[in-house]
Structures are given as C-alpha cells and as structure tokens.
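Open the model in your viewer and keep the sequence panel beside it. This tour goes stop by stop: what to select, then what is there.

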Amino acid sequence: MALRPGAQGPNSAGGVVEEVAFRGDDSLLLVRAEGGALLRVGHAEEDGPPPPRGSAVRLGWEAASVVPLAG
C-alpha cells in the first residue's frame, strides 16, 4: 500500500492522515480510511516530504497483494 494520488478503482481508498512519524529514510503515516479503518502506510523520503496531518490522500495497492480472509 502506498500513497497514489489519483488512484481509483477496487484497489484504492481515500483517507486522512492522522499521524506522521519520521524514521530516518522514511516516514510512517497513520491514515484513517473512508470506512473508518486506521491504516499504516510507509512513505519513502525519496518520494518527497510526507503529507502533513489532516491531509486528504489516496492510497493504492497491487491486486496481487490482496489476501482474502476466511470469514
């Protein structure tokens, strides 16, 4: 899962950055997704500065990364 501005479709979600923790070469973002889940998202320093708290963001992920859970 990564920040992907403009991401659309089933492998994406919108959310709001709640916390940013700097970890040297990267940052850990806590993003509250539209459905209410709190997601941990890594953000590499080489991708630019992380969005500040309160920023609306789009998240995206590869379909092959999805793991269905038995219910």
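A salt bridge here is a side-chain nitrogen of Lys or Arg within 4 Å of a carboxyl oxygen of Asp or Glu. Search the whole structure with that rule and five salt bridges turn up. This is a predicted model, so local features need pLDDT of at least 70, side-chain atom pairs count only at pLDDT 80 or more, and totals for chains, interfaces and linings use all residues. Residues are numbered from 1 along each chain as its sequence is written, and side-chain values use heavy atoms, with hydrogens and water left out.

**Stop 1: the sheet**

Switch to cartoon view. Strands (E, at least two residues) are DSSP runs, numbered from the N terminus. Which order do the strands take in the open sheet? Five strands line up as β1-β5-β2-β3-β4, with antiparallel pairing. Two strands count as paired if DSSP finds at least two bridges between them. Strands of a sheet pair through backbone hydrogen bonds, either parallel or antiparallel.

Now look at the edges. β1 and β4 stand there, each with a single partner strand, so one side of each has no neighbour in the sheet.

**Stop 2: around β5**

Select β5. Two bridges join β1 to β5, and these strands run antiparallel. Pick A2: its bridge partner in β5 is G60. Next, show β2 beside β5. Five bridges join this antiparallel pair. Click S12, whose bridge partner in β5 is G60. Then click G15, which has V57 as its bridge partner in β5.

**Stop 3: two residues of β2**

Select A13, in strand β2. Is A13 buried or exposed? A13 is buried, with a relative accessible area of 16%. The cut-offs are these: buried means under 20% relative accessible area, exposed means over 50%, and partly exposed lies in between (1.4 Å probe, protein chains only). Contact means heavy atoms within 4.5 Å. Leaving out neighbours within four places in sequence, A13 is in contact with V57, R58, L59 and W61. Draw a distance from A13 to G35. Their C-alpha atoms are separated by 8.9 Å, with the two residues 22 residues apart along the chain.

Move to G14, also found in strand β2. G14 counts as buried, at 3% relative accessibility. Setting aside neighbours within four places in sequence, G14 is in contact with R32, A33, E34, V57 and R58. Draw another distance, from G14 to V67. The C-alpha atoms are 20 Å apart, and the residues are 53 residues apart along the chain.

**Stop 4: the nonpolar core**

Select V17, L29, V31, V41, V57 and L59. These six residues make up the largest nonpolar core. Such a core is a set of buried Ala, Val, Leu, Ile, Met, Phe, Trp, Tyr and Cys residues joined through side-chain atoms within 4.5 Å. The elements that give two or more residues to this core are β3 and β5.

Stay on V17 and show what surrounds it. Apart from neighbours within four places in sequence, V17 is in contact with residues including L30, V31, P51, P52 and V57.

**Stop 5: H43**

Select H43 in strand β4. H43 is buried, with a relative accessible area of 8%. Where does its side chain reach? The side chain of H43 reaches the backbone oxygen of G48 at 3.0 Å. Not counting residues up to four places away in sequence, H43 touches L3, D26, S27, L29, G48, P49 and P50.

**Stop 6: salt bridges**

Side chains of opposite charge can pair when their charged atoms come close. Show D26 with R23. They form a salt bridge, the closest N and O atoms being 2.9 Å apart. D26 is partly exposed, at 24% relative accessible area, and R23 is partly exposed too, at 44%.

Next, select E34 and R58. Their side chains meet in a salt bridge (3.7 Å, N to O). E34 lies in the loop between β3 (26-33) and β4 (38-44) and R58 lies in strand β5, so the pair ties together parts 24 residues apart in sequence. E34 counts as exposed at 65% relative accessibility, while R58 is partly exposed at 23%.

Finish with E62 and R4. A salt bridge joins their side chains (3.7 Å, N to O). The pair links distant parts of the chain, 58 residues apart: E62 is in the segment after β5 (56-60), and R4 is in the loop between β1 (2-3) and β2 (12-22). R4 counts as partly exposed, at 33% relative accessibility.

How values were computed
Helices (H or I, at least four residues) and strands (E, at least two) are DSSP runs, numbered from the N terminus. A polar contact is a pair of N or O atoms within 3.5 Å; within protein, one must be able to donate a hydrogen and the other to accept it, and residues adjacent in sequence count only if both atoms are side-chain atoms.
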